[in-house]
Amino acid sequence: MKKIRLGMMGGGIGAFIGDAHRRAARICNDFELIGGVFSTDYQKGKQFADLENILPERCYPTLDAFVKGELTRPLNERIEAVSIVTPNMLHHEFAKKLLKNGFHVICEKPMTFTVDEAMELQEIVNKTKLSFALAHTYTGYPMVRQMKEIVKSGVLGKIHRVDAQYYQGWVNSIIQGTGSGITGVWRLDPNFAGMSSCMGDIGVHAFNLIEYTTGLQIQKVLADLSPVKENVQLDLDGTVLLQLPDNIKGVIRSSQVAAGEENNLTIAIYGSHASLKWSQENPNFLYQLSDAEPTKVYKPAHDYNSSFAQASQVMPSGHPEGIYEALGNIYKGVARSIRGEQLFDGEFPTVEDGVRGMKFISNVVSSNKEGNIWKVL
Ligand SMILES: NC(=O)c1ccc[n+]([C@@H]2O[C@H](COP(=O)([O-])OP(=O)(O)OC[C@H]3O[C@@H](n4cnc5c(N)ncnc54)[C@H](O)[C@@H]3O)[C@@H](O)[C@H]2O)c1
């Protein structure tokens with residue numbers, strides 16, 4: 001099958017997640033990187049393009065130049081889909097311009113700065129019918145997809161409680177002044193990050209994972225956030241109580257200053273018959289607990305998994321796949337969407353998930369500001 005011509009905004013030399021996107025696009029084998037705006041510094045962007053064998057004329061200094069340049073090319077040469085892997089403040093502006101000019105978009109989270117901006121993107125996607133994916137990478141893991149399918153099957157009985165945790169420690173050394181060579185510090189600056197650091201950067205992944213795996217929408221949130229230290233402008237740590245339909249309760253616990261923690265994202269769903277637990281740092285094991293029998297462990301690439309989970313692992317069982325493949329599965333879903341193929345439920349997070357994420361961030365910030373009160377999403 002012909003590769004889809006891919007562009008990229010950001011992600012050049014020294015950038016973090018752009019490299020993972022390129023690997024993911026390569027792994028899923030449906031895309032070819034053709035051009036983009038790889039850096040704020042055009043010289044650095046050109047250096048990167050050279051390393052990647054990208055033609056100099058497809059390396060642009062700005063988004064405007066990119067759109068203008070690509071639209072002058074015939075359709076069979078033009079870049080078709082664009083990944084946005086810049087800091088948060090550019091997501092809305094870039095996605096809007098790209099969609100309005102006919103490009104499919106794969107956008108990093110959080111989708112925008114505000115709920116209104118998110119809803120505007122939703123309207124544009126609905127109108128243009130272009131494919132739009134939000135890079136909630138963790139939904140690409142086979143065992144997260146299996147979790148979604150098990151919940152759907154009703155095996156858990158009545159869900160009582162959901163509990164998601166996302167603990168990292170890397171910001172601790174920054175606020176203590178001991179970190180050196182750490183990138184991504186823009187996350188602490190509202191001009192780059194938006195209204196939240198901890199909840200906007202990682203709490204929103206936990207939120208998305210709960211809604212993704214349960215298929216339910218969180219109705220209300222009550223947040224207690226902390227900047228941890230004086231002179232820090234945004235939250236670095238927080239707890240959010242949740243209310244879901246049918247009197248289901250839950251909690252999101254999230255921190256960027258939990259010293260020693262790496263990328264400790266976990267989710268547990270507790271039901272009347274059984275419960276499920278999954279952890280990002282050991283993504284190939286999904287645990288099903290019950291009072292009546294010993295714990296079951298699901299692993300990828302076995303016939304006992306759902307067809308969706310099975311389609312999400314490339315290698316045979318016992319060959320661990322990880323974060324690049326998870327993101328690759330999201331790229332695979334986008335490729336299938338662009339080609340008009342029949343999709344599984346949840347092949348990639350959508351613009352609707354982006355709107356939900358922005359409602360979460362905005363409401364936890366205002367809940368905290370207004371004295372830890374319940375807010376309706
Ligand atoms: N899905 C995930 O799990 C995950 C993980 C990490 C980061 N992210 C998200 O990815 C985004 C980028 O994060 P990062 O850690 O890679 O940041 P980064 O600072 O490492 O890289 C950002 C890149 O954007 C470029 N850039 C900035 N302004 C630009 C402009 N005007 N035009 C073109 N390029 C520009 C920079 O030069 C740099 O190459 C953020 O929104 C972040 O929330 C998501």
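I began with a loop residue. Asn-247 sits in the loop between E8 and strand E9 (248-255). I took helices (H or I, at least four residues) and strands (E, at least two) as DSSP runs, numbered from the N terminus. Asn-247 has a positive phi of about 60°, although it is not a glycine. It counts as exposed because it has 9 C-beta neighbours inside 10 Å. My cut-offs: buried means 20 or more other C-beta atoms within 10 Å of a residue's own, exposed means 12 or fewer, and partly exposed lies in between, with C-beta atoms placed from the backbone.

I noted the ground rules. This is a predicted model, where local features need pLDDT of at least 70, side-chain atom pairs count only at pLDDT 80 or more, and totals for chains, interfaces and linings use all residues. Residues are numbered from 1 along each chain as its sequence is written.

I then checked Asn-231, in the loop between strand E7 (220-226) and strand E8 (237-244). Asn-231 also has a positive phi, about 70°, and is not a glycine. With 6 C-beta neighbours inside 10 Å, Asn-231 counts as exposed. Most residues other than glycine have a negative phi, and most peptide bonds are trans.

Next I looked up a peptide bond. The one joining Lys-109 and Pro-110 is cis, with omega about -10°. Pro-110 is in the loop between E4 and helix H5 (115-128).

Where does Pro-300 lie? I found Pro-300 in the loop between strand E13 (296-298) and helix H10 (307-310). Pro-300 counts as buried, with 27 C-beta neighbours inside 10 Å. Pro-142 is 158 residues away from Pro-300 in sequence, yet 6.2 Å away in space, C-alpha to C-alpha. Leaving out residues up to four places away in sequence, Pro-300 touches several residues, among them Pro-142, Met-143 and Asn-284. Contact here means C-beta atoms, placed from the backbone, within 7 Å.

I turned to the sheet. Five strands make an open, parallel sheet in the order E2-E1-E3-E4-E5. Strands pair if DSSP finds at least two bridges between them. Strand E2 (31-37) and strand E5 (132-134) are at the edges with a single partner strand each, so one side of each lacks a neighbour in the sheet. Six bridges join E1 (residues 4-9) to E2. One pairs Met-9 with Val-37.

Last, the whole protein. I noted 12 helices and 14 strands. Buried residues make up 49% of the 377 residues.

Definitions and conventions. Two residues are in contact if their C-beta atoms, placed from the backbone, lie within 7 Å.
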